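Here is a short note for a colleague who has not seen this structure before. Please read the points with the structure open.

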Amino acid sequence: MDWIREKHPGEGGPAAIGIMGGTFDPIHYGHLVTAENARHFFGLEQVIFVPAYRPPHKEDRRISPPQHRLAMVRLAIASNPHFKVSDMEISRRGPSYTIDTVLTMQRCYPAARLFFITGADAVLEILSWHRVTELLESCIFIAATRPGYQLGQLRQNLASLPEALLRRILTMEVPALAISSTDIRQRVREGRPVKYLLPEAVEEYIYRQVLYRGS
Ligand code: ATP
Ligand code: MG
């Protein structure tokens, strides 16, 4: 996979960038472990977390205000010099389509190879994503293992995709963390512990801002 590490001579800026999209309501160690392992395994100089303004596949669900989700990402990534956060989806408003984000990143980093990092659940549903062909042509997908989801089903689920596009989805094993934001929100609501599921600073933020208490 030498092409991944290949530099572009004469051009400044990072050569390989990971984009970690998500709702991050709240961000937890599953997201952070996935991003860090992708960074190391694929030699990415940076991973940019991009909290969605309005995830198209979560239209029917109440989501915390974007400022809170952005603030929690900031707290969670503060100690990792390779991690950054972008508010581009939040500032753009409207439905947060990954293709729009990837095309904007291409304009910001014209010399970089872009990798979009997802968990197994997300990549298994990629056929339902907006402009999926263009999306797969615009960046490489990294599909990380996630407890409860079978990455082995990927070929079967994506059977209608041409082989050339299928090859643009790379898979990656990450230490299994059966953590989800849904479970964390439910734990907070029920007064059960969330300690060690997410960074302490994020836990403190949740309690200080009284998030996830309502129904
Ligand atoms: P929710 O339960 O609200 O859907 P979530 O925990 O699935 O939250 P998202 O913000 O939906 O988190 O996920 C963002 C990205 O991170 C997705 O690509 C998802 O597959 C991936 N991801 C989330 N949790 C894990 C985990 N524990 N292991 C690997 N990948 C994960
Ligand atoms: Mg999810």
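1. The model is predicted. Keep this in mind throughout, as the distances and angles given here are computed from that model.

2. Start with the surroundings of ligand 1. A shell of 23 residues surrounds ligand 1. The closest of these are His 28, Asp 121, Leu 177, Ser 181 and Thr 182. By class, 13 residues of the shell are polar, five are nonpolar and five are charged.

3. Which elements each supply at least two residues of the shell around ligand 1? Two are strands, β1 (16-22) and β4 (113-119). The others are the helices α2 (29-41), α6 (120-123) and α10 (181-189).

4. Three contacts of ligand 1 can be checked atom by atom. A polar backbone atom of Phe 24 lies 3.1 Å from an oxygen atom of the ligand. The backbone also takes part at Ile 179, where a polar atom is 3.1 Å from a nitrogen atom of ligand 1. At Thr 34 it is a polar side-chain atom, 3.5 Å from a nitrogen atom of ligand 1. On its own, ligand 1 has 600 Å² of accessible area, and the protein covers 92% of that.

5. Where does ligand 1 sit? The space that ligand 1 takes is the largest pocket.

6. Turn next to the aromatic rings. There are seven aromatic pairs in the structure. One of them joins Phe 24 and Phe 49, with ring centres 5.8 Å apart. The planes of these two rings meet at 50°, so the pair counts as tilted. Phe 24 is in the loop between β1 and α2, while Phe 49 belongs to strand β2 (residues 46-51), so the pair ties together parts 25 residues apart in sequence. Phe 24 is also the residue whose backbone has a polar atom 3.1 Å from an oxygen atom of ligand 1.

7. The last two details concern the backbone. Most peptide bonds are trans, and most residues other than glycine have a negative phi. The peptide bond from Asp 25 to Pro 26 is cis, with omega near 5°. Pro 26 lies in the loop between β1 and α2. Val 210 has a positive phi, near 50°. Val 210 is placed in the segment after α11 (200-208).

Note on methods:
Residues numbered from 1 in each chain as written. Chains lettered and ligands numbered in written order. Predicted model: local features only at pLDDT ≥ 70, side-chain atom pairs only at ≥ 80, totals over all residues. Heavy atoms only, no water. Near = heavy atom within 4 Å. Polar contact = N/O pair within 3.5 Å; in protein donor to acceptor, adjacent residues only side chain to side chain. Areas by Shrake-Rupley, 256 points an atom, 1.4 Å probe, with all protein chains shown as cover. 1 Å grid on protein atoms, 1.4 Å probe; cavity = no way out; pocket = protein on both sides within 12 Å on 5 of 7 lines; lining within 4 Å. Sits in = over half its atoms within 2 Å of the grid points. Helix = DSSP H or I, 4+ residues; strand = E, 2+ residues; numbered from the N terminus. Nonpolar A, V, L, I, M, F, W, Y, C, P; charged D, E, K, R; others polar. Phe/Tyr/Trp six-rings, centres within 6.5 Å; stacked < 30°, edge-to-face > 60°.
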